[in-house]
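This briefing is intended for a reader who has the sequence and coordinates at hand. Please keep both in view while reading the points below.

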There are 4 protein chains.
Amino acid sequence: MLHEQHQQLLQTLHECMAACNHCFDACLKEDHVQMMTECIRLDRECADICNYLEQAISRGTPFISELAAVCAKICEACGNECKKHDHDHCQKCAEACFKCAEACKNVA
Amino acid sequence: MLHEQHQQLLQTLHECMAACNHCFDACLKEDHVQMMTECIRLDRECADICNYLEQAISRGTPFISELAAVCAKICEACGNECKKHDHDHCQKCAEACFKCAEACKNVA
Amino acid sequence: MLHEQHQQLLQTLHECMAACNHCFDACLKEDHVQMMTECIRLDRECADICNYLEQAISRGTPFISELAAVCAKICEACGNECKKHDHDHCQKCAEACFKCAEACKNVA
Amino acid sequence: MLHEQHQQLLQTLHECMAACNHCFDACLKEDHVQMMTECIRLDRECADICNYLEQAISRGTPFISELAAVCAKICEACGNECKKHDHDHCQKCAEACFKCAEACKNVA
């Protein structure tokens, strides 16, 4: 992985984690939480793996492609769930997830 | 910290993490999720710090007392929220949290 | 995954994490650290992914098979490095890693 | 915490994690690893807690001040160790650690 690609991936992972955690938090404040439970679950899964990969890359893990492949899959699942909901935080989260899934696939 | 105390704390932290994550999962399946949002939030906070401390202890962190003090505080907050709810998973989680808070205070 | 298999995997992951962290710590105390640097690196990688998967399983992650596949790969790499070294902590760590790699492959 | 302060802390935590992980990696490649073992240990401790706090803040944890107080302590310990060594990665890591310790104290 080139140094520039590396920096960009770290940024993308961070943004995805932040979007997922914001969505997690915002979903729990919605009037109809009942409809958001799958979103809440996947937001946590996605934030956690992005956070994990962010650190793993920064320590020079030799398993970046394997981890990025899993991360891409989780980002996609989270993005697919989020895009079903009209809330602004869900739509923004979906966008961040799909962008991150692409970035992860490029290094996987 | 004596070796035996160490082993027992690792076990208690693991049980608390498992109880919090089970409660997180079960709360999201309840009919009245709306009433469980604070519980869901704190379950995640508590599971994460217990998981973190479990690993930190097992690598011989020099910061065990500082981390255990924070962990005790988070366990207590989660236990106090969980005990408000009648669900079996909440009551069991509260019990695990209070037990873990005590164990953490003993090494803090 | 059956409940019993689940409990056993959690135990195996915990033991692998503990063995890797013990090996990490012990390697840093060896007279010839220079020869242990790859072991130190992989111990950290392996402890981290086992710790991650332990929590992910306990919260009912829908991505257990994908995460377990990556974990198996990292456990194998760590076990292969550890078994090259005669230190007791390395040999024990290799054993824990290979056992964990098998357990992960069974759910992957 | 004001939104701007929040964004800046996230950035500072990320930079400290990156510096610690870079130092961890670089120390393991040094000719005299034997002299770097305490640095390697503390780099891992510090990277982990910064990474943890980064995510905890982004999900709106109610325990930011308690976690930031521990993080400040770990950053300081890591900075104090790193500044003893002349390697460029150690000096830069010390700088990142002290900056992060200050930022954490401001929210603790």
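The model is predicted. Chain A is superposed on chain C by a rotation of 180°, with 0.0 Å of shift along the axis and an RMSD of 0.0 Å. Chain B and chain D bury about 1800 Å² between them, and the rule finds 6 salt bridges across their interface.

**Relation of chain A and chain C**

- The rotation that superposes chain A on chain C is 180°, and the shift along its axis is 0.0 Å; the two copies are thus related as by a two-fold rotation axis.
- Both copies use the same surface, since 100% of the contact residues of chain A recur in chain C.

**Extent of the interface between chain B and chain D**

- The size of an interface is often given as the accessible area lost when the parts come together.
- For chain B and chain D, about 1800 Å² is buried between them, with 61% of it on carbon and sulfur atoms.
- On the side of chain B, the residues that lose the most area to chain D are Glu45(B), Arg59(B) and Phe63(B), which together account for 33% of what that side buries.
- Chain B contributes 17 residues to the contact, and chain D contributes 17 residues.

**Polar and charged links across the interface**

- Across the interface of chain B and chain D, the rule finds 6 salt bridges.
- Arg59(B) and Glu45(D) meet through their side chains in a salt bridge, at 2.7 Å from N to O.

**Makeup of the side of chain B that touches chain D**

- Helix H2 (37–58) and helix H3 (64–82) of chain B are the elements that give two or more residues to this side.
- H2(B) supplies the largest share, 7 residues.
- By class, the side of chain B that touches chain D has 9 nonpolar, 2 polar and 6 charged residues.

**The site of His89(B)**

- His89(B) lies in helix H4 (residues 88–107) of chain B.
- His89(B) has a relative accessible area of 11%, which is under the 20% limit, so this residue counts as buried.
- Leaving aside residues up to four places away in sequence, His89(B) touches His22(B), Cys23(B), Ala26(B), Cys27(B) and Glu30(B).
- The side chains of His89(B) and Glu30(B) are joined by a polar contact of 2.8 Å.

Technical notes
Residues numbered from 1 in each chain as written. Chains lettered and ligands numbered in written order. Predicted model: local features only at pLDDT ≥ 70, side-chain atom pairs only at ≥ 80, totals over all residues. Heavy atoms only, no water. Least-squares fit on C-alpha atoms with pLDDT ≥ 70 in both. Contact = heavy atoms within 4.5 Å. Buried area = accessible area lost by both parts, 1.4 Å probe. Salt bridge = Lys/Arg side-chain N within 4 Å of Asp/Glu carboxyl O. Helix = DSSP H or I, 4+ residues; strand = E, 2+ residues; numbered from the N terminus. Nonpolar A, V, L, I, M, F, W, Y, C, P; charged D, E, K, R; others polar. Buried < 20%, exposed > 50% of the residue type's maximum accessible area, 1.4 Å probe, protein only. Polar contact = N/O pair within 3.5 Å; in protein donor to acceptor, adjacent residues only side chain to side chain.
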